[in-house]
Amino acid sequence: MDNSHDPFPLALSDFEFYVIRDETVQFPMVIALRTQIEGSLCIPSFLGAIQATIAKNPLLRSTVDINSWRPRWRLIPNHTPEITVSHFKTENPPDDVPLRRLDLTRTAGAEFELRVSENRSLLVSHLHHACLDGIAAIRFLADIFAEYGQTVVQVPDEGPRVRTLDLPRLRYPDAVQ
């Protein structure tokens with residue numbers, strides 16, 4: 001297998017290093033997003049869309065090795081993101097978003113909670129800021145919904161466009177190989 005385009009293990013950028021070092025238990029560097037979903041939801045397809053989107057975003061399925069000369073991202077083999085699904089009999093699922101810390105030395109930088117009611121659901125996403133910034137977090141959610149749309153659309157050519165990630169762009173010029 002040709003791994004010449006595989007940038008992992010990948011050195012952290014200065015910003016990623018700063019975000020991890022500046023984080024505290026009281027002030028986690030986690031972007032928390034609450035996304036309301038109207039209508040019925042095909043849960044297996046939606047969970048599959050999250051998994052497929054995570055699979056295309058290597059930093060969200062990596063941990064950080066801080067024990068090397070220079071901290072590096074390391075891919076987690078066969079990573080499955082943490083997704084909690086809760087069902088509610090109320091018209092609206094609860095919309096609270098508790099503070100959460102993701103320790104990138106132990107776990108990947110994305111966790112989800114899907115709260116499902118009959119005609120309305122809520123996706124709570126916790127995404128570590130070292131893995132993506134605010135705009136990338138919104139694009140990541142759009143990618144999840146595009147993946148989901150591809151699985152539930154009746155006419156494939158009318159489904160949403162799914163973006164692809166250019167892995168070689170992750171490589172930094174000063175990455176330790």
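A residue is called buried when its relative accessible area is under 20%, exposed when it is over 50%, and partly exposed in between (1.4 Å probe, protein chains only). With that in hand, let us walk through this predicted model, in which local features need pLDDT of at least 70, side-chain atom pairs count only at pLDDT 80 or more, and totals for chains, interfaces and linings use all residues. Residues are numbered from 1 along each chain as its sequence is written, and side-chain values use heavy atoms, with hydrogens and water left out.

Helices (H or I, at least four residues) and strands (E, at least two) are DSSP runs, numbered from the N terminus.

Start with helix H1, residues 14-22, where Glu-16, Val-19 and Ile-20 are buried. Seen down the helix axis, these buried residues fall within an arc of 95 degrees, so they line one face of H1. (The arc is taken from the directions from the helix axis to the C-beta atoms.) On the face turned away from the buried side you will find the exposed residues Asp-14 and Arg-21. What do the buried residues of H1 pack against? Their partners are S1, S3, S4 and S7, where contact means heavy atoms within 4.5 Å.

**A sheet of three strands**

Three of those elements come together in an open sheet with the order S1-S4-S3 and antiparallel pairing. Strands S1 (10-11) and S3 (62-65) stand at the edges with a single partner strand each, so one side of each has no neighbour in the sheet. Two strands count as paired if DSSP finds at least two bridges between them. S1 and S4 are joined by two bridges, and Leu-10 has Trp-73 in S4 as its bridge partner. Between S3 and S4 (residues 72-75) there are four bridges; Asp-65 stands opposite Arg-72, and Ser-62 opposite Leu-75. A hairpin of six residues leads from S3 to S4.

**Helix H3**

Helix H3 (residues 134-152) has 19 residues and reaches 28 Å from first C-alpha to last, close to the expected 27 Å; the expected span is 1.5 Å times one less than the number of residues. Its buried residues include Ala-137, Phe-140 and Leu-141, and what covers the buried residues of H3 includes strand S2 (30-38) and helix H2 (43-55).

Glu-147 sits in H3 and counts as buried at 13% relative accessibility. Its C-alpha lies 5.1 Å from that of Ala-49, 98 residues away along the chain. Leaving aside neighbours within four places in sequence, Glu-147 also touches other residues, including Lys-56 and Val-162.

**Aromatic pairs**

Rings of Phe, Tyr and Trp (its six-membered ring) pair if their centres lie within 6.5 Å; planes under 30 degrees apart are stacked, over 60 edge-to-face, and the rest tilted. By this rule there are four aromatic pairs. Here are two of them:

| Pair | Centre to centre | Angle of planes | Type |
|---|---|---|---|
| Phe-15 and Tyr-18 | 6.5 Å | 40 degrees | tilted |
| Phe-46 and Tyr-148 | 5.3 Å | 75 degrees | edge-to-face |

Phe-46 in helix H2 and Tyr-148 in helix H3 are 102 residues apart, and their pair links distant parts of the chain. Phe-46 is buried at 0% relative accessibility, and Tyr-148 is buried at 13%. Ring pairs also bring in Phe-145, which forms a cluster with Phe-46 and Tyr-148.

Phe-15 and Tyr-18 both lie in H1, three residues apart, about one turn of the helix. Phe-15 is partly exposed at 42%, and Tyr-18 is partly exposed at 46%.
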